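Please keep the sequence and the structure in view while reading.

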Amino acid sequence: MIPWDERTIACCAFPEPCVLEADRVIRSRMIKFDVATPSIRLLAIDIDGTLLNPQFVISDHDMAAVRRAHQEGVEVMLVTGRRHTFALPIAQQFGFDLWLSSSNGAITRSLAGETFHRDLLPQGICRELCGNMKAFRGNTVLTFDTEAKGAIVLESMDELTSSIQRWLEKNLQYIDFVIPIEDSLTTDPVQAMFCGPIALMHQVLDAIGASTLASKVTVLRTEYPVRDLSIVDVLNQGCSKGHALERWARHRGIPRDQVMAIGDNYNDIEMLAFAGVPFIMGNASPELQGCGWKATLSNDQNGVAAAIEQVLG
């Protein structure tokens, strides 16, 4: 794996090291980037906050730009925190075959269902996590790699409804209620996640960081300040969007300087750090905008299209 492995696992979860680490990665190759933008062969795009606008749709301009990239021979890959099934309708709108890396890189699968890689969270570690995080049991969600009921497991919706009601409604057919939630761990889950207000999720981050599990898992966070929503994802050690993108690029024989990535949130940091041509959205947090990545417009101003047009001309 690439040398920023262990450091960037921590920087997504906890804001303090983020800017320093990302700035180091970017500065190490800033001169090369400024001299000439290499032609790209692989385009990795985040979905929420990046490809989707505030109305949760892909704008016509962004859609046209992505299709243009595909027509010019650029391979397109969506890299998202969403589950594969939940991201699939977004990917299908483009009208061409592409690969989808879901659950923050845990699963990479084609639109037809062919699996390239799975990186699941060992059930023993997940069981230990649930036991350690009893104070946040009402905010805990487990996901499994299935398209049936039980793909999403929680104990109750009560504490989650105010934060992720829309997500719960759209995924209702996949939700199963299990008390205690550990009883659902008859196989390795894709991940555990904690959802709620930002301040509460910072407590979750602190609790995980202070536990013995911190060195056994990857902890990623996603924040939407306007909605006061934060999602803390706990995945297998070494699992991230960046590692999934690196693995796929290597499989396809594409050097990192011909990989372009566009993202907006903390869980995109590893992906942006790996890509030779990284773009941060204009709606990203000031912390991420200060990391040194090239900025594009926001997701309500066709930021994806603006980034693609800068590179393709």
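This is a predicted model: local features need pLDDT of at least 70, side-chain atom pairs count only at pLDDT 80 or more; totals for chains, interfaces and linings use all residues.

**Partners of β6**

- Strand β9, made of residues 191-196, pairs with β6 in the antiparallel sense, and the pairing runs over 4 bridges.
- Within that pairing, the residue of β9 that stands opposite T143 is Q191.
- Strand β7, made of residues 152-154, is also antiparallel to β6, and the two are joined by 2 bridges.
- T143 takes part here too, with I152 as its bridge partner in β7.

**The sheet as a whole**

- The sheet is open and is formed by 6 strands in the order β8-β7-β6-β9-β11-β10, with mixed pairing.
- The edges are held by β8 (175-177) and β10, and because each of them has a single partner strand, one side of each is left without a neighbour in the sheet.
- From one strand to the next, the twist averages 25 degrees.
- The pairing of β7 with β8 is parallel and extends over 3 bridges, and in it L154 has F177 of β8 as its bridge partner.

**Helices on the sheet**

- Helix α7, residues 123-132, packs on the sheet, where it touches β6, β9, β10 and β11, and its direction makes about 25 degrees with that of β9.
- Helix α8 lies across β6, β7, β8, β9 and β11, and it runs at about 130 degrees to β9.

**The largest pocket**

- The volume of the largest pocket comes to about 890 Å³.
- Its lining counts 43 residues, and those closest to the centre of the pocket are D48, T222, Y224, R227 and L229.
- Two or more lining residues come from each of α4 (47-51), α8 (161-170), β9, β10 (217-224) and β11 (229-236).
- The element that gives the most to this lining is α8, with 5 residues, and α8 is also a helix that lies across strands of the sheet, β6 and β9 among them.

Methods
Residues are numbered from 1 along each chain as its sequence is written. Side-chain values use heavy atoms; hydrogens and water are left out. Two strands pair if DSSP finds at least two bridges between them. On a 1 Å grid over the protein atoms alone, a cavity is a set of points where a 1.4 Å probe fits but cannot get out, and a pocket is an open set with protein on both sides within 12 Å along at least five of seven lines; lining residues have an atom within 4 Å of a point. Grid points are joined across faces, edges and corners, and a volume is the space filled by probe spheres set on the points. Axes are lines fitted to C-alpha atoms, for helices over the stretch in contact, and angles run from 0 to 180 degrees between N-to-C directions. Contact means heavy atoms within 4.5 Å.
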